[in-house]
Amino acid sequence: MKGIILAAGKGTRLYPASQHVSKILLPVYDKPMIYYPLSALMSAGITEIMVITSKDDRTYFKRLLGDGSQFGIKLKYAVQKVQRGIADAFLIAERFIDGGSVALALGDNIFCGDDMDELLAEAMAESDGATVFCKKVADPHAFGVAELDKDGKVVSLEEKPEEPKSDMAVTGLYFYDKDVVRFAKKLKPSARGELEITDINRMYMEEGRLHAIPLPESVAWADTGTFETLLKASNYIHDVEKNGRAMVGCPEQVALSRGYITKRQLLEWVSKFKETAYYSFVKDLANAE
């Protein structure tokens with residue numbers, strides 16, 4: 001399976017902070033926002049990833065992440081020339097996907113929790129159809145909403161409904177089989193002029209092939225599209241890391257734990273940087289017995 005990170009949004013709700021640079025490059029506590037979805041895809045075992053950016057921001061992403069070799073992965077880049085919605089990512093990346101399965105992570109979504117690796121493995125193991133992660137939220141009208149029956153099957157999907165049928169938001173991490181590009185080509189722009197990811201999920205649902213994994217309370221999820229959610233996410237990650245429970249969204253740590261790189265390679269990489277709290281942590285990983 002290959003991966004896509006969609007990082008092309010204008011982030012107008014974060015102006016003026018994101019007026020000069022992609023919001024996906026803004027810091028969430030101690031690291032760039034893109035580190036979090038990148039770490040999630042890597043934790044799922046995905047090592048070939050395309051980052052879709054705007055034309056103006058592509059250089060900055062490449063400067064930050066390079067070709068991915070420092071993490072033991074392969075990164076490619078593509079440009080979304082016109083903001084046409086989330087589902088447009090599959091049309092942009094058609095040649096990269098090459099008829100296979102693919103996971104799509106939104107650049108401003110963060111997942112944190114001890115059970116997340118197990119849930120990612122569950123999604124990766126599903127070879128037929130699509131898999132989405134759902135999280136109970138207090139304001140479902142702001143998200144795509146999934147209605148689940150008593151067996152956990154998705155029975156309806158709505159995009160930012162005025163009167164939600166449930167409080168289960170569909171989060172920004174999706175897993176699809178080989179049919180996703182074919183479905184994306186059938187889409188027509190919605191009333192807001194976008195190719196909606198909810199419409200693709202609905203196609204899978206209508207075929208009985210949409211799987212939903214509810215995120216437990218032990219897994220936190222944040223959509224960092226506003227200043228309020230960005231601050232909450234930063235404070236949450238600060239608390240987790242300062243309490244010594246874990247480093248959140250560290251691609252070097254994921255790369256080492258999954259065997260993508262060796263400790264020697266990691267030490268060589270981290271030696272290029274001045275010692276900050278982040279790189280001190282990474283250096284300790286490389287020097288650990």
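Trainee: What share of the contacts in the chain with a separation of 6 or more comes from residues 24 or more positions apart?
Mentor: Such residues account for 74% of those contacts, a contact being heavy atoms within 4.5 Å. Bear in mind that this is a predicted model, where local features need pLDDT of at least 70, side-chain atom pairs count only at pLDDT 80 or more, and totals for chains, interfaces and linings use all residues. Residues are numbered from 1 along each chain as its sequence is written, and side-chain values use heavy atoms, with hydrogens and water left out.

Trainee: How many helices and strands does the chain have?
Mentor: There are 11 helices and 13 strands. Both are DSSP runs numbered from the N terminus: helices are H or I with at least four residues, strands are E with at least two.

Trainee: And how compact is the chain?
Mentor: The radius of gyration is 18 Å, close to the 19 Å from the globule rule for 289 residues, so the chain is as compact as a globular protein of that length. That radius is taken over C-alpha atoms, and the rule is 2.2 Å times the number of residues to the power 0.38.

Trainee: What percentage of the residues is buried?
Mentor: Buried residues make up 52% of the 289. Buried means under 20% relative accessible area, exposed over 50%, and partly exposed in between, with a 1.4 Å probe and protein chains only.

Trainee: Switching to α7, how many of its residues are buried?
Mentor: Seven of the 10 residues in helix α7 (residues 197–206) are buried. Among them are Ile 197, Asn 201 and Tyr 204. Just after α7, Gly 208 has a positive phi of about 75°.

Trainee: Where is Thr 224?
Mentor: Thr 224 sits in the loop between β13 (220–223) and α8 (227–242).

Trainee: Is that residue buried or exposed?
Mentor: Thr 224 is buried, at a relative accessible area of 0%.

Trainee: Which residues is Thr 224 in contact with, leaving aside neighbours within four places in sequence?
Mentor: They include Leu 14, Met 33, Asp 108 and Ile 110, and also Thr 229, Leu 230 and Ala 233.
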